[in-house]
Amino acid sequence: MKLDESVQTKWKEIITPDNNIFSINLKEIWEYRDLLLILMRRDVLSIYKQTILGPLWFFIQPILTTATFVIIFSRVAKLSTAGLPPVLFYISGIVMWGYFSECILRTSSFLKDNTGILSKVYFPRLIVPLSLVLTNLVKFSIQILLFFIIYTYFVVTVGGIHANWYSLLFPVLILLIAGLGLGFGMIISSLTTKYKDLVHLTTFGVQLMMYTSTVIFPLSGYQDSKYKLLIMANPMTGIIEAFRYGFLGVGEFSWGLLGYDAAFIAFFMIIGIVTFNSIERNFVDTI
Amino acid sequence: MAEDILQVENVSKIYKLGELNTGSLSTDIQRWIHKMRGKDVSIERLAEVNDRSKKSDSKYVYSLNDVSFSVKRGEVFGIIGKNGAGKSTLLKLLSKITKPTKGSIKIGGRIASLLEVGTGFHPDLSGRENVFLNGAILGMRKNEIKARFDEIVAFSEIERYIDTPVKRYSSGMFVRLAFAVAAHLEQEILILDEVLAVGDAEFQQKCLGKMEDVSKNQGRTVLFVSHNIAAVKRLCTSAMLLEKGRPKLIGSVDSVIEAYQDYGVDLEQGVRSKIPGNSKGYFTNWKLEGQTPQDLHTCFSGENIQFVLEFKNNTYLQKCQIFLRLLYDEGTTLMLIRSHEYSVSDLSLEPGTYNFKFNTSLPIKTGKYDLQMAFVCHGEVIDEWETSTKLKVLDNFETLTQDSNSGILNVKTSFKYEGVDTLNLSYT
């Protein structure tokens, strides 16, 4: 018996029915970092392979949405844009919201969309949502470029628009959005492996959520309104407000609101990890 | 002795049958309530043996039931079994795609699993980009792939197309490239599921050769699942036969292939049950010697064997001849062996017990064959015995004579063609 033990090497891994639902194997994800980058590259490349306009498509969507908002909400409905040029007001919200909505929509179906790969080969499953969030970041950085072009135009021609120190929070805001998209996405994705109903709810829910944020109407417009709390409860409100305040100098910035967002996001990230871990071991059998 | 690199201990996997979606929420809530009350909610007590043909009320089946085995470093371990025996489930557990319901699996190295060729290939990306993508999915680092890139392309033999999107590839080219990536993985343990079933014969041979190289020269461990028993026999050192989720036999490849072709139990076991009365002599039993299978009345097609017929005589017998006849299809003679054609013409026996031995080989297709033997002295038949123990011939999987149309002979054949005089019609 002793001889056996001395010959035996240490096991690198032991597979058992149980896993720890609170842990994420960061070391393993790090070992697969090349896959993360390659998947990201694949997704970016495959979007515009065999298209004529290529990455220009990333511009078209926010431009058309902004134009629609300007016509309907500003010209027709005459809603306030907090004293800003409507184009600048809407595009700032749309670009930020766009990143969130892409993150949540893509990650919320990642288990379903990638069943083919996931049921044939093992790699840390979280690589897929992470790569989606990063791919969307590439798309987002092209769109934010559009925002800055328009921004520069208005700063030069209109004047009275000043960025302030709070604009340095920008990377933090991006991180918060990614975290929120990832957290929600993991929860929804995990649940849809069993309950497919959620797929229908997600697209619809994200759309509704936009109307309770400040993409269309500034928070300052809700002064004394009984709906103000509802709008503030939306975690994207604080983020969009902070972004507008930093670059455009309007809106309501408060550390309290941003702190609430951060706590909200952290909470849903944890819930996301727990739900994801609890389905990870067997989702291939039920999906 | 090499150490174990993989140990599977009492692993079970239970699957739920039928519709999964409808009612699953209420089932989940019910189970959750039961759990809160401290009741046993394990699905194990509901599960039963996986038998496709039987209709049953239980919604849960054991796809794998208490499977234990271990694999040594550098071994090529084959897993065979009929459809639904649990082979693929086992591989899924080993490659961490899904977790076992019970038991544990201990692994002593990095695992690369190839349950499918070309997993994750993106049709719009070029061959080059897909090599990196597929390699990374299978667990290789980028510089590992870079270092072996030329080797991979050379093995796939599609250099010209490496920068073309793979959606323009023929299916053969696709498979070649995909297998080339997998064959150059550097993990210590390689798991292969039916991957050799694709591609043309020439490429299959190349893949088999590569697999041999991987295990024998590079000392890596391979777990190989296939319906292609010939490939299993060629590659594997030991194997496991799965049947309805349980390991039926774990052992040498030959013994497992023997068990895989099991023809059922024979009660007489080669021993004559009715001894003829007042005969000068009679056969008592027959068996084989020198055959690979353990069973004494079973051999592989084409291997060297020895028929041993035991004979007992009470009186002195002169000018004896022994006849052994092999029959197939209920009575057609396949072969008749006469002892006097191979031995001293004048055989005389003192009273006693003798073993008559015929050394031969039977390159015939798999199946059961009847055996008749006769003992003749001076042209007089002393004894005749048609044994009810049939000779069982197993396929060695060197040729493909498996269906009824392919005749009785099972001889290794080769084929080539050359044009002697051809008419050159060009379509340009």
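1. Let's start with the sheet of chain B in this predicted model. Six strands make an open sheet of mixed pairing, ordered β6-β7-β8-β4-β9-β10; helices (H or I, at least four residues) and strands (E, at least two) are DSSP runs numbered from the N terminus, and strands pair where DSSP finds at least two bridges between them. At the edges, β6 (111-114) and β10 (246-252) of chain B each pair on one side only. From one strand to the next the twist averages 15 degrees, with axes being lines fitted to C-alpha atoms, for helices over the stretch in contact, and angles running from 0 to 180 degrees between N-to-C directions.

2. Do look at the β9-β10 pair in chain B. Strand β9 (residues 238-243) of chain B joins β10(B) in the antiparallel sense through six bridges, and B:L241 stands opposite B:L249 in β10(B). Helix α8 (residues 253-260) of chain B packs on the sheet and touches β4, β9 and β10 of chain B, its direction making about 140 degrees with that of β10(B).

3. Another helix to view here is α2 (residues 87-94) of chain B, which lies across β4 (76-81), β6, β7 (189-193), β8 (221-225) and β9 of chain B and runs at about 150 degrees to β7(B).

4. On to the interface. The contact takes 32 residues from chain A and 37 from chain B; residues are in contact if their C-beta atoms, placed from the backbone, lie within 7 Å. On the side of chain B that touches chain A, β5(B) gives the most, with five residues. Strand β1 (residues 13-15) of chain A runs antiparallel to β5(B), joined by three bridges, with A:I15 opposite B:I105.

5. Helix α4 (residues 57-76) of chain A has 20 residues and should span 28 Å at 1.5 Å a residue, which agrees with its end C-alpha atoms being 28 Å apart; the expected span is 1.5 Å times one less than the number of residues. α4(A) also has a kink of about 25 degrees centred on A:V70, the bend being the angle between axes fitted to the seven residues ending at a residue and the seven starting there.

6. The buried residues of α4(A) are A:F58, A:P62, A:T66 and A:F69, where buried means 20 or more other C-beta atoms within 10 Å of a residue's own, these atoms being placed from the backbone. Their cover includes α5 and α8 (127-157) of chain A. In α5(A), 20 of the 23 residues are buried.

7. A note on conventions: residues are numbered from 1 along each chain as its sequence is written, while chains are lettered from A and ligands numbered from 1 in the order written. Local features need pLDDT of at least 70 and side-chain atom pairs count only at pLDDT 80 or more, whereas totals for chains, interfaces and linings use all residues.

Conventions
Buried ≥ 20, exposed ≤ 12 C-beta atoms within 10 Å, placed from the backbone. Contact = placed C-beta atoms within 7 Å.
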